[in-house]
Amino acid sequence: MANARNDDLFPDARNPEGTCVINERCLLRTQDGYRVVSVSGIVLAQYALTDRMAQAHAMVSLVDQGWANQNDVARSFGCSVRTLRRHQRRFEESGLAGLGKDRGYPRGRARLASSRRRLVQQLKNKGYAQREIARRIGVSENAVRKLLRRLGWKAASPVQTEFSISDKAAAHPKLSGSVSAAAPSPSPASTQSADPNLSAFSSVAKDPSATQDTDPADRRADRLLAYLGLLDDAAPLFGSSRSVPRAAVLLALPVLVQSGVFECAQKIYGSIGPAFYGLRTSLLTLLLMALWRIKRPEGLKEHSPADLGRVLGLDRAPEVKTLRRKLARLAAHGRAAEFGRALAQRRVAQRGAALGFLYVDGHVRVYHGKYRLPKAHVAQMRLSMPATSNYWVNDTAGDPLFVVTAEANANLVKMLPGILKQVRSLVGQRRLTVVFDRGGYSPKLFQQVLSANFDLLTYRKGRYPRIPQKCFREYRTRRDGRTITYMLADQPVRLLKGKLRLRQVTRRMENGHQTPILTSRPDLPPAQVAYRMFERWRQENFFKYLAEEYALDALAEYAVVPDDPTREVPNPLWAAVDAKFHQAQADLDRLQAEYGLEAFTNLEGERPSMRGFKTAHGKLGQKICNAVQRFMQLEKRRATMPRRVPVQKTTDERIVKLAPERKHLTNLIKMVAYQAESALLRIVASHYRRVNDEGRTLIQSALASAADIELTNQELRVTVAPMSSAHRTRAIAALCEELNRTETIFPGSRLRLSYAIRTS
């Protein structure tokens, strides 16, 4: 038998024992208690292993001369980068002598003299902080801490001073709260005769408008109560002041209170624990931030906490970390969906007449972070990108009703049945018309919508026969004081092989383009069908407005939660084979076209027979045969692979999604703020001629204005600074009169809000 051949031309080459490769140029070799450092075969250093100074010098030389970087040298010599930097610093300061110093502080040598030690103890007994002691003596705070530990110093237990609470203390006539935060429990008679004008956060056991403080700029007593766990939320305490920045935002309080956001929050969340900034204060701060266009908690850094606090009735507004902790605490309850449902029920009860048509559409929020998320099609970029999808339901006026977060960017066809179930639970058995775009086009979905006792209005998608021009007629409708004209063709259509009968209204543009609209409403005039369908752009404008003015697409947090690993996604292997299949098909088509061109231009005088043509083009024919064979192989291979597989089979990374709770909560807050802005806009509409063009700009500028705050025994009077023009000032004056009729009580107090505007 012949000897076996070794076909491996590059057998494994191993470094000799004791050799360490620093990089492609530098080598470190250790043998018999000695070490050699070489660069490109030239010895740079040679020393005994016990010579720490020589080793430190070799490390510094490699780095300073540019032969290796700090990470490679530290790894090869078995030390940290920090140690190497210390050697470099010592070598720069003291040369080789500095590298020969022992490690650490000299043993047995006291860091501080005995007189200094006595001084440290004296300063500590006087109550100075360790940082201040270290600054005075000139050592680090850590050294002071260790010295005190060695001396056995212990802090004296503080004496708890009694906090006198007198039930006879009376309220200051110029302040807003009553001074009895921990008064004894009221008798049944006093409970029955309680003031009915208390906020929604009142309770029998505690008076929410009570406070131990008398100075609005100094709330230390209430902060102490919150620290001791005796206060769930600080009562607002106002003082009269002039030209308070942004105080005109209090114009929105009546509509915010009417929206029921404070009552719903109290019902759903109850309390977020003993705190100076409790549930009501935190929620009010977030709502006013949205109306102030402070889009993120970090934006609070740009505003004075004391100025914002005067608007809230506090000594200072909560700052960034505090507000983020409150959001995290609310999100920990996991009740954002329940909170949104309660707000929607309140909204339906107030504006049920505006719910004849409901507009449903999805909004894609692009994600640029480090985690791998499902992709969604971004219409603005015409790309599929990692994103999350939210589906909003808006009423006829374009105001939002509620929002739902889609699982794994599910499309509208999958999400709409669940959304309609929520709508049904809100509106009862009323038959509403649901308007959506082409993303929800599915005849089978239409059957589900109709069977759920809803009507539909949507665009027709796919191929459809064009309507002859003679079938179009001119239709007119009058909306919002203007006449709208459409060229429409109205006809019945059948889908699903005649099982589904709908009505199609087709609009013809001046350039001949036709837009077919499907509906199940036979009673609507054709012009109304077209108008209601094209009014869907109100929702697109709503998304754009919220994205620009309220930072709708901003991340509320970076946290992720586990996602369903069994959900199916497109198979990447199938996609790769499919791409090769289409490439093979394109190659085959190109070769066939080339072969056909050669046959078309073939001269019969040169090659009169087909056999001669095939012989002359044999190479091209062989390429076609190979291409056909490859095409068939890829087709069979693709047929054996599943198109969708569980996501856990496509990646080794964690299957996660963005934590939805805090984002859902912030979306609800922005939704309520937008609804409040819309309510103010409806009030001012009859008093401002350019309301359709400048209405929201007027409301926004009014809420951002300064105002005077004046207190009486029963009222909180807000006098807004005049607007930029006389007609705008008159419009806001009319708004103030309408708001005064509501007789709204400031949340958490007994103060009735009264509004006015300075005319000059």
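A salt bridge here is a side-chain nitrogen of Lys or Arg within 4 Å of a carboxyl oxygen of Asp or Glu. By that rule D218 and R220 are bridged, their closest N and O atoms lying 2.9 Å apart, and a search of the whole structure finds 40 salt bridges. Please keep in mind that this is a predicted model, in which local features need pLDDT of at least 70 and side-chain atom pairs count only at pLDDT 80 or more, while totals for chains, interfaces and linings use all residues. Residues are numbered from 1 along each chain as its sequence is written, and side-chain values use heavy atoms, with hydrogens and water left out.

- R324 counts as partly exposed at 24% relative accessibility, and E298 is partly exposed at 31%.
- One network, joined by salt bridges that share partners, takes in R293, E549, E677 and R696.
- The side chains of R136 and E132 meet in a salt bridge of 3.1 Å, N to O. Both residues lie in helix α6 (residues 130–137), four residues apart, or about one turn of the helix.
- R136 is partly exposed at 46%, and E132 is partly exposed at 23%.

- Helices (H or I, at least four residues) and strands (E, at least two) are DSSP runs numbered from the N terminus, and two strands pair if DSSP finds at least two bridges between them.
- Four strands make an open sheet in the order β1-β2-β3-β4, with antiparallel pairing. Its edge strands, each pairing on one side only, are β1 (19–21) and β4 (42–48).
- The twist in this sheet averages 15 degrees from one strand to the next. Axes are lines fitted to C-alpha atoms, for helices over the stretch in contact, and angles run from 0 to 180 degrees between N-to-C directions.
- Six bridges hold the antiparallel pairing of β3 (residues 34–39) with β4, and S38 has V43 in β4 as its bridge partner.
- Helix α1 (residues 52–64) packs on the sheet and touches β2 (26–31), β3 and β4, its direction making about 155 degrees with that of β4. Contact means heavy atoms within 4.5 Å.
- Helix α2 (residues 70–77) packs on the sheet too, touching β1, β2, β3 and β4, and its direction makes about 165 degrees with that of β1.

**The mixed sheet**

- A second open sheet to look at has four strands in the order β5-β20-β21-β22, with mixed pairing. Here the edge strands are β5 (241–244) and β22 (752–757), each pairing on one side only.
- From one strand to the next, the twist averages 20 degrees.
- β20 (residues 707–711) and β21 (residues 715–720) run antiparallel and are joined by five bridges. Within this part of the sheet, E710 stands opposite R717 in β21.

**A hairpin**

- Strands β12 (residues 473–479) and β13 (residues 482–495) run antiparallel, joined by seven bridges.
- They form a hairpin with two residues between them, and D480 in the turn has a positive phi of about 55 degrees.
- R479 has R482 in β13 as its bridge partner.

**A buried histidine**

- H617 lies in the loop between α21 (610–616) and α22 (618–639), and is buried at 14% relative accessible area.
- Leaving out residues up to four places away in sequence, H617 touches Y595, E598 and R607.

Conventions. Buried means under 20% relative accessible area, exposed over 50%, partly exposed in between (1.4 Å probe, protein chains only).
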